[in-house]
Amino acid sequence: LKLLAACACAMYTSTKDKQCKGLRLSQCPQLGDYNDGQEYRLATVLSALRFDRDGHSKVSEEGFQLLMRRDVQDVQVMEVTYDVHNLRDWAHSKGRPTQWNVLFHPWLFPDIQFREEGSQQVDVVVYGLHGVTVVPQCPGALKPAFVKLEQWVVMKDGIYMSMGPDVGRIAVSPTHPVAWFWSICVPPPGKIGVDDEPRPALVTKHILLLDTRTKIMHALADAFTFSDVSVQGVLAHLQAVLTAQQQCTERLSRLMARCESAFEGMILGAFDDSEKKYEGATDPFECWEEQLGNLIRAANRGVEHAPLLDNILRSKVYFLLGKTRVPKGTGVGETIEAGARAWPPQSDEDIKPATNSERAKAIHVALISVISDIEGLVEAQNSLLTVSK
């Protein structure tokens with residue numbers, strides 16, 4: 001067991017607690033809002049894992065094809081999981097879009113001290129996007145091909161260290177409770193760090209947990225919060241995420257079955273395993289609202305909070321209904337709005353109202369999609385942390 005523990009410690013390093021002293025941030029990529037040049041608003045890092053052995057085996061074929069386009073001698077691979085709910089709450093309260101910068105500063109400048117400054121030009125590419133998109137309209141827009149981005153750290157007003165510029169943004173989808181993407185950051189040639197070693201390229205898997213207030217999503221966030229990279233720690237983490245995923249699947253499947261059945265005209269509770277008679281709402285629209293309300297009943301909400309899982313599911317259902325009612329290429333927001341107008345029994349005259357069968361199908365597809373995303377996230381985590389022989 002001691003030998004296995006030693007092997008695990010050699011496999012992974014938790015960089016969450018390795019601080020960049022000048023920035024007071026973990027030495028890993030971050031997500032944040034530039035905040036018009038004021039102090040950055042950052043997502044909370046739940047875990048940051050560096051693969052110290054055979055990290056290249058974690059890089060997909062797409063990632064390798066991109067790396068081959070640059071003169072890369074070595075590769076460092078990380079996985080960073082973020083709780084972005086506080087960032088979403090802040091953006092919601094300020095009326096700002098959920099568009100955030102991908103920040104490599106704490107990794108590029110690990111030894112920078114307070115009041116020191118630095119700047120580097122790096123090549124960056126993102127790929128494997130799910131639930132997020134790049135923002136092409138912003139300066140220094142990310143692309144599926146390498147782009148040059150400046151990353152600088154300066155002292156501002158003699159009070160705090162500032163990161164910039166406002167480049168490299170991603171936007172999150174309003175119809176996904178979890179999202180992820182991969183990035184590659186290739187620093188300029190040279191040496192940096194206390195060991196004076198050539199700098200490798202950084203390949204990072206970014207996992208975004210968008211709702212961590214709803215009970216089942218909070219349990220998922222707890223499972224992804226870990227820094228113990230021993231054998232016991234990694235196994236406990238994998239068991240925790242599996243348990244959280246099973247709870248999500250069970251809860252969302254029950255919601256889907258009841259609401260889909262209500263819109264299909266079936267007798268609710270007729271096929272429940274429980275002997276207790278179903279006592280909830282039977283009108284399909286009331287059943288839908290009641291089930292969504294039950295889903296967030298124990299949620300820890302702020303005064304001005306971003307949409308929770310109930311509204312994320314609503315948006316996904318509306319998006320599916322809207323897709324059949326708007327021209328191809330219509331934006332996500334406009335599509336969701338069209339679906340919301342088609343949802344009620346009495347819709348606007350200029351939009352075709354949905355049938356109960358359409359509503360039932362949209363609920364089914366939306367819930368299956370969310371369940372699949374969560375299951376896929378957990379399966380990928382298990383695969384990523386599996387030690388290859």
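The largest nonpolar core of the chain has 44 residues, and those with the most contacts inside it are Leu31, Ile170 and Leu208. A nonpolar core is here a set of buried Ala, Val, Leu, Ile, Met, Phe, Trp, Tyr and Cys residues joined through side-chain atoms within 4.5 Å. Buried stands for under 20% relative accessible area, exposed for over 50%, and partly exposed for values in between, with a 1.4 Å probe and protein chains only. Strand E11 (residues 147-156) gives the most to this core, with five residues. A second, separate core of 42 residues includes Leu252, Met256, Cys259 and Trp288. In soluble globular proteins, nonpolar side chains tend to be buried together.

The model is predicted: local features need pLDDT of at least 70, side-chain atom pairs count only at pLDDT 80 or more, and totals for chains, interfaces and linings use all residues. Residues are numbered from 1 along each chain as its sequence is written, and side-chain values use heavy atoms, with hydrogens and water left out.

The chain contains 10 helices and 17 strands. Helices (H or I, at least four residues) and strands (E, at least two) are DSSP runs, numbered from the N terminus. Of the 389 residues, 52% count as buried. The accessible surface comes to about 18,700 Å², and 51% of this surface belongs to carbon and sulfur atoms; accessible areas come from the Shrake-Rupley method with a 1.4 Å probe, and for residues only the protein chains shown count as cover. Among contacts between residues at least 6 apart in sequence, 75% join residues at least 24 apart, where contact means heavy atoms within 4.5 Å.

Eight strands form an open sheet of mixed pairing, in the order E1-E6-E7-E17-E14-E9-E11-E12. Strand E1 (12-14) and strand E12 (160-164) stand at its edges with a single partner strand each, so one side of each is left without a neighbour in the sheet. Two strands pair if DSSP finds at least two bridges between them. On average, neighbouring strands of this sheet are turned by 25° against each other, direction ignored. Strand E9 (residues 118-130) and E11 run antiparallel and are joined by seven bridges; Gly118 stands opposite Val153 in E11. Helix H10 lies across E1, strand E6 (44-51), strand E7 (75-83), E9, strand E14 (178-186) and strand E17 (201-209), running at about 40° to E14. Axes are lines fitted to C-alpha atoms, for helices over the stretch in contact, and angles run from 0 to 180 degrees between N-to-C directions.

A further open sheet consists of five strands in the order E5-E4-E8-E13-E10, with antiparallel pairing. Strand E5 (41-42) and strand E10 (132-134) are the edge strands, and each pairs on one side only. E10 pairs with strand E13 (residues 169-172) in the antiparallel sense over three bridges, and the bridge partner of Val134 in E13 is Ile170. Ile170 also belongs to the residues with the most contacts inside the largest core. With residues up to four places away in sequence not counted, Ile170 touches Leu31, Thr98, Gln99, Trp100, Val102, Val132, Thr133, Val134, Val135, Leu142, Phe181 and Leu208. Helix H3 (residues 85-94) lies across strand E4 (30-33), E5 and strand E8 (99-103), running at about 10° to E4.

In helix H9 (residues 332-342), Thr335, Ile336, Ala338, Gly339 and Ala342 are buried. These residues cover an arc of only 160° around the axis, which puts them on the same side of H9; the arc is that of the directions from the helix axis to the C-beta atoms. The cover of the buried residues of H9 includes helix H8 (309-323) and helix H10 (356-385).

Several loop residues have backbone angles of note. Most residues other than glycine have a negative phi, and most peptide bonds are trans. The peptide bond from Gly164 to Pro165 is cis, with omega near -10°, and Pro165 lies in the loop between E12 and E13. Asn35, in the loop between E4 and E5, has a positive phi near 55° and counts as buried at 14% relative accessibility. Asp54 has a positive phi of about 55°. Asp54 is found in the loop between E6 and helix H2 (61-67) and is partly exposed, with a relative accessible area of 35%.

Phe64 is placed in helix H2 and counts as partly exposed at 32% relative accessibility. Phe64 touches His56 and Val59, residues up to four places away in sequence not being counted. Phe64 and Val203 are 139 residues apart in sequence and 10.0 Å apart in space, C-alpha to C-alpha.
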